[in-house]
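Here's a quick briefing on the pockets, a helix and a few individual residues in this model. Have a look at the structure first, then read on.

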Amino acid sequence: MASLRLASLKFLHCCNSSHRFLHRNRILSIRAFSGIMSPPSTAVVYEHHGEPDKVTRLIELPPVELKENDVCVKMLAAPINPSDVNRIQGVYPVRPQVPAVGGYEGVGEIHSLGPAVKGLSPGDWVIPSPPSFGTWQSYIVKEQNLWHKINIETPMEYAATVTVNPLTALRMLEDFADLKSGDSIVQNGATSIVGQCIIQIARSRGIHSINIIRDRTGSEEVEEKLKRLGADAVFTESQLGLKNVKGLLVSSVN
């Protein structure tokens with residue numbers, strides 16, 4: 001900072017043009033701001049595809065210099081979705097080039113800002129929007145338009161998982177049929193996160209959900225849990241081994 005002040009004073013002394021001084025001062029200001037650095041980051045990376053326990057490793061990434069519109073976010077939570085595992089295995093259709101940092105969604109707290117960022121403050125909670133690769137690291141630096149501010153009162157586990165499964169459930173309910181209140185849907189895999197989201201969204205819209213789960217120990221407890229979420233009916237796969245399955249499903253919502 002001392003050398004910056006000295007440079008400004010020398011320029012004032014030798015130059016009579018206020019326009020040239022303002023131009024020079026603007027350059028000095030930009031250079032001063034460009035010194036904002038992120039903290040070092042710990043990241044889960046993989047350099048080639050394979051089973052996660054074989055190809056992932058923990059590394060330290062160096063600090064990153066923030067540009068004018070950059071936001072440095074301290075990640076608070078990031079889930080491990082089946083699609084994350086599939087990306088590391090190399091079998092998911094949409095995946096980053098390797099080497100890559102794992103993770104695709106999560107929630108973080110703003111640590112620091114580039115000088116041109118407006119509408120965000122340190123301490124705000126944000127999620128990647130649209131979802132982006134590389135959330136399995138302690139600090140991320142991306143441009144402001146790649147972050148979406150959320151209510152800091154949102155439970156952390158909800159905020160960290162709001163992008164992938166709930167939006168998938170919403171698209172499944174809206175993209176294939178014009179469902180109205182009073183209609184019914186049937187889904188298998190109802191215990192998955194997507195399935196549970198479908199139950200809750202359908203319930204909020206007055207749509208009946210008939211849900212199929214696998215036969216397993218504790219299926220009665222699972223049935224009760226899904227009904228608390230709003231499921232109208234829950235059947236195990238073995239219960240559908242009947243000749244008149246259609247009649248069974250229709251009677252379950254009437």
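Which element gives the most to the lining of the second largest pocket? That's α4, with 3 residues. Keep in mind that this is a predicted model, where local features need pLDDT of at least 70 and side-chain atom pairs count only at pLDDT 80 or more, while totals for chains, interfaces and linings use all residues. Residues are numbered from 1 along each chain as its sequence is written, and side-chain values use heavy atoms, with hydrogens and water left out.

**Ground rules for the terms**
- Helices (H or I, at least four residues) and strands (E, at least two) are DSSP runs, numbered from the N terminus.
- Pockets and cavities come from a 1 Å grid over the protein atoms alone: a cavity is a set of points where a 1.4 Å probe fits but cannot get out, and a pocket is an open set with protein on both sides within 12 Å along at least five of seven lines. Lining residues have an atom within 4 Å of a point.
- Grid points are joined across faces, edges and corners, and a volume is the space filled by probe spheres set on the points.
- For linings, Ala, Val, Leu, Ile, Met, Phe, Trp, Tyr, Cys and Pro count as nonpolar, Asp, Glu, Lys and Arg as charged, and the others, Gly among them, as polar.

**Largest pocket**
- The largest pocket has a volume of about 340 Å³.
- Its lining includes Asn 81, Glu 157, Tyr 158, Asn 165, Gln 196 and Cys 197.
- Two or more lining residues come from each of α5 (156-160), α6 and α7, and α7 gives the largest share, 4 residues.
- By type, the lining divides into 5 nonpolar, 5 polar and 1 charged.

**Second largest pocket**
- This one has a volume of about 250 Å³.
- Of its 13 lining residues, the closest to the centre are Asn 81, Ser 83, Tyr 92, Val 164 and Asn 165.
- α4 (82-89), α6 and α7 each give two or more residues to this lining.

**The cavity**
- The whole structure has 1 cavity of 30 Å³ or more, and about 40 Å³ of space lies in the largest cavity.
- Among the residues lining the largest cavity are Tyr 46, Asp 84, Arg 87, Pro 96 and Phe 133.
- α4 gives the most to that lining, with 3 residues.

**Helix α7**
- Just after α7, Gly 206 takes a positive phi of about 75°.

**Cysteines and Lys 74**
- A search of the whole structure finds 0 disulfides (pairs of cysteine sulfur atoms within 2.5 Å).
- Cys 72 counts as buried at 0% relative accessibility, and Cys 197 also counts as buried, at 13%.
- Lys 74 sits in strand β3 (residues 70-77) and is partly exposed at 38% relative accessibility.
- Leaving out residues up to four places away in sequence, Lys 74 touches Gly 108, Glu 109, His 111, Ser 138 and Tyr 139.

Note on methods. Buried < 20%, exposed > 50% of the residue type's maximum accessible area, 1.4 Å probe, protein only. Contact = heavy atoms within 4.5 Å.
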